[in-house]
Amino acid sequence: METPEYDYLDSDAKSLQEDISNELVYGVGKDPLTATHSDWLTALSTTVRARLIERWMETHRRYYRDDVKRLYYFSMEFLIGRTLTNSLLNLGIKGACEKALRSMGLELEQLRELEHDAALGNGGLGRLAACILDSLATLDLPGTGYGIRYEYGMFRQEIRDGEQAELPENWLDRGNPWEFPRAEVAYSVRFGGHVVVGAHHEGAASFHWLGGEEVLAQAYDTPVPGFGTSTVNNLRLWSAKATRGFDLQCFNQGNYIKAVEGKTLSENLSKVLYPADNTVENQKLRLKQQYFFVSASLQDILRRFLKQHDDVTKLPEKVGIQLNDTHPAIAIPELMRILLDQHKIPWQPAWEITTGIFSYTNHTLLPEALETWPAELLGQLLPRHLQLIYEINRRFLLQVGNRFPGDTDILRRLSIIGEAGGKHVRMAHLAIVGSHKVNGVSALHSRLLQEHTFRDFETMLPGRIVNVTNGITPRRWLNQANPRLADLIDEGIGPGWMRRLDRLAELKDLADDPGFAARFAKVKRANKADFAAKMQALHGFEMDPDSLFDAQIKRIHEYKRQLMNLMRVVALYNRLRENPGADMVPRSVLFAGKAAPGYYLAKQIIRLTHDIAGVINNDAGINGRLRVFFIPDYNVSTAADIIPAAELSQQISTAGMEASGTGNMKLALNGALTMGTLDGANIEIRDQVGADNIFTFGLEAHQVQALRQRGYRPRDYYEGDAELRGVIDEIRGGYFSVEEPDRYKPLIDSLLNDDHFMVMADFRAFMQADARADLTYRDQQAWNRRAILNTAMMGFFSSDRTVRDYAEKIWNLEPIHWD
């Protein structure tokens, strides 16, 4: 791409060298003789950031000039990872920057490793949001992300004696050179208080929300560059500030803690990534965080809209808001409050504006995981919003009653207000009723939403639930994470595929080319060697790069079935113990992921992983042919280390429980073969890559449901499968925890007596799939061909396709043009 005329800063190596040196001295305030690598990283980052500024400003000038419709992506999480390399690649100046740094005796890779991951999320929800932003910019679509600038994000995971320990993740301890504080952009957000009913001049009642406490939301902006384009969009995050910073009277009286108490309590709102809702105080903080960011964001959106327009009824023509899960769903009654109480719009047109603006992405099929709030708590913190929710519900249930007269049960099922266990607000129901479109994130997930989870809504509001299958950005997950493979693809099919990932299909013709296949295998082997060396340096792990790298890397949760994977590992270990000469492919089984701090069973699974690894990795009798590794502190950067090296991708959730998954897409894109159940996007991966190039197994979603209805008896599988029984007895009997033999008895007893996620039912099919993978891996030519075909057929899973689907099906959003 040619340098645009509004890029006033040159980006050749000499100019970059001069600007980095100047920034170090005049921006960081350090002499090159005493500067640390951290100082050089700051100077480099701000130098690169400067090259985004003119494009950023020009992008937004065009948005205003052309009066475009804008999409605002509301998410409690944005797991953007590191920014430096992504910006260099998107700007097309990585090579020049490396040359500039070398001329000063520095290496880009060394500085890049010092950059903190932006710890603004804890899993797939936040990573999807980051991919969406990348694709919005790359496709020249007017979009802005809104969220919270958490000072401490997802915890840093350490492993102590095999157990997870959570430490604060202070990702801002050295500042954030990529963001711009906007002290002038601050909005007041109210909590508590009371509602006063007055009279409207036309005779209708008016409502005034008064009293309570107020917190300021201050904006911090981060530019989000597209790839191969001049478009630079914005991520705006809110930080909580006190309306009164310091009580001088208390200080003068010697009450120093009281003097800053108000400031501390206010600023706690954006201190930590939202907590578990297992205590009333945590629930209160979490709800306050949700309202804090949507209130500030809506105020900001309306300010921007009213700069150019006088008629708020035209909002849906210029504004679209995507709710990423139910966390921001309180935005629906908040916009109604603004339209009704501040702009005096009558109810029906206000509701039409609201539903015309909002759309909602659902991320879970588990009814117990759908967010609810006690009505009492919501009424205490947001009294006007609870009134509005009741009124929204009343009007909706009138429609339901007219459609289904006399059917009181469907009224109960569809009500936004649940009654069981005390009155509570069902946020998913609010999001569905208050949005013009609702989407699932894989074909299976969306079908199950329509047929099961939200079947009554599909009947009442046909066509509202649609599918938009998730995707991933190839810029981050191939070009940046796996430069060797990216270069090889360039050699094979030429450039341009990073903006049109469907072009990877051209690699199909090279899958049988011996020369290309050999280079593809060489790339994977080099990635494995690099990863093994890094793990040796960081953790002392001894990985054999010639073994099969078999990876399950994701949040630790029972439904993701890391426990079943561990049972497979124990079964393989037992086979080697019984027959040390068994013909088995050498394996390095890789685990990574964090357990929620309060999730006891997930933490037990992490500990069991380490106990099993401790026994297997120290058994000289198996001669290193099976080894188990748990990579601590899993985050975006760690994923980018593991994924290019992985060869077998474990995607083994209970069918019907994983909405989509995106780790499966990243691994397959980088040439790993999937071993998985027919769950989430695994089905669509199978359809794209071909059934011969994936190892599927296990019960399907309808079979899981049927087995539950018949009466699932996990103990039957234990009694009928000798190998499974041996694995269970060893874990339960303390073979891997000699010092505490009963350590895993509760974990195993839950399998034998309940096994909600059907580990026992799928174990034998899992072992059979594993045997197929073992057999295939022996023929390296056949394995390599399948790996190439996996990479070749992943074009559908680009987040660019995902965003185009949103733009066409839901947002009605058009790109800007730079010609």
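**Cores, sheet and selected residues of the predicted model**

The largest nonpolar core comprises 241 residues, and those with the most contacts inside it are Phe74, Trp238, Phe292, Ile321, Met567 and Trp811. Another core, of 22 residues, lies apart from it and includes Leu16, Ile20, Leu111 and Trp178. Here a nonpolar core is a set of buried Ala, Val, Leu, Ile, Met, Phe, Trp, Tyr and Cys residues joined through side-chain atoms within 4.5 Å; buried denotes under 20% relative accessible area, exposed over 50%, and partly exposed in between (1.4 Å probe, protein chains only). The model is predicted, local features need pLDDT of at least 70, side-chain atom pairs count only at pLDDT 80 or more, and totals for chains, interfaces and linings use all residues. Residues are numbered from 1 along each chain as its sequence is written, and side-chain values use heavy atoms, with hydrogens and water left out.

The protein chain contains 33 helices and 22 strands, which are DSSP runs numbered from the N terminus (helices H or I, at least four residues; strands E, at least two). A compact globule of 819 residues would have a radius of gyration near 28 Å, and the 27 Å of the protein chain agrees with this; the radius is taken over C-alpha atoms, and the globule rule is 2.2 Å times the number of residues to the power 0.38. Of the 819 residues, 60% count as buried. Contact means heavy atoms within 4.5 Å; among contacts between residues at least 6 apart in sequence, 76% join residues at least 24 apart.

An open sheet of mixed pairing is formed by nine strands in the order β5-β8-β9-β2-β1-β10-β11-β15-β16, where two strands pair if DSSP finds at least two bridges between them. At the edges stand β5 (180–191) and β16 (465–467), each with a single partner strand, so one side of each has no neighbour in the sheet. From one strand to the next, the twist averages 25°; axes are lines fitted to C-alpha atoms, for helices over the stretch in contact, and angles run from 0 to 180 degrees between N-to-C directions. Within the sheet, β1 (residues 70–74) and β10 (residues 319–324) run parallel and are joined by five bridges, with Ile321 of β10 as the bridge partner of Tyr72. Helix α6 (residues 124–138) packs on the sheet, where it touches β1, β2 (143–148), β8 (213–225), β9 (232–242) and β10, and its direction makes about 55° with that of β8. Helix α17 (residues 443–453) lies across β15 (437–440) and β16, running at about 165° to β16.

Strand β19 (residues 626–631) pairs with β18 (residues 587–592) in the parallel sense over six bridges, and Leu626 in β19 is the bridge partner of Arg587. Six of the six residues of β19 are buried, so this strand is largely enclosed by the rest of the structure. Both of its faces are covered, with Leu626, Val628 and Phe630 buried on one side and Arg627, Phe629 and Ile631 buried on the other.

Two individual residues were also examined. Ser87, in helix α3 (residues 84–91), counts as buried at 1% relative accessibility. Leaving aside neighbours within four places in sequence, Ser87 is in contact with Val48, Leu52, Trp178 and Pro225. Ala186, found in strand β5, counts as partly exposed at 35% relative accessibility. Residues up to four places away in sequence not being counted, Ala186 touches Ala217 and Gln218. Ala186 and Val215 are 29 residues apart in sequence, and their C-alpha atoms are 9.8 Å apart in space.
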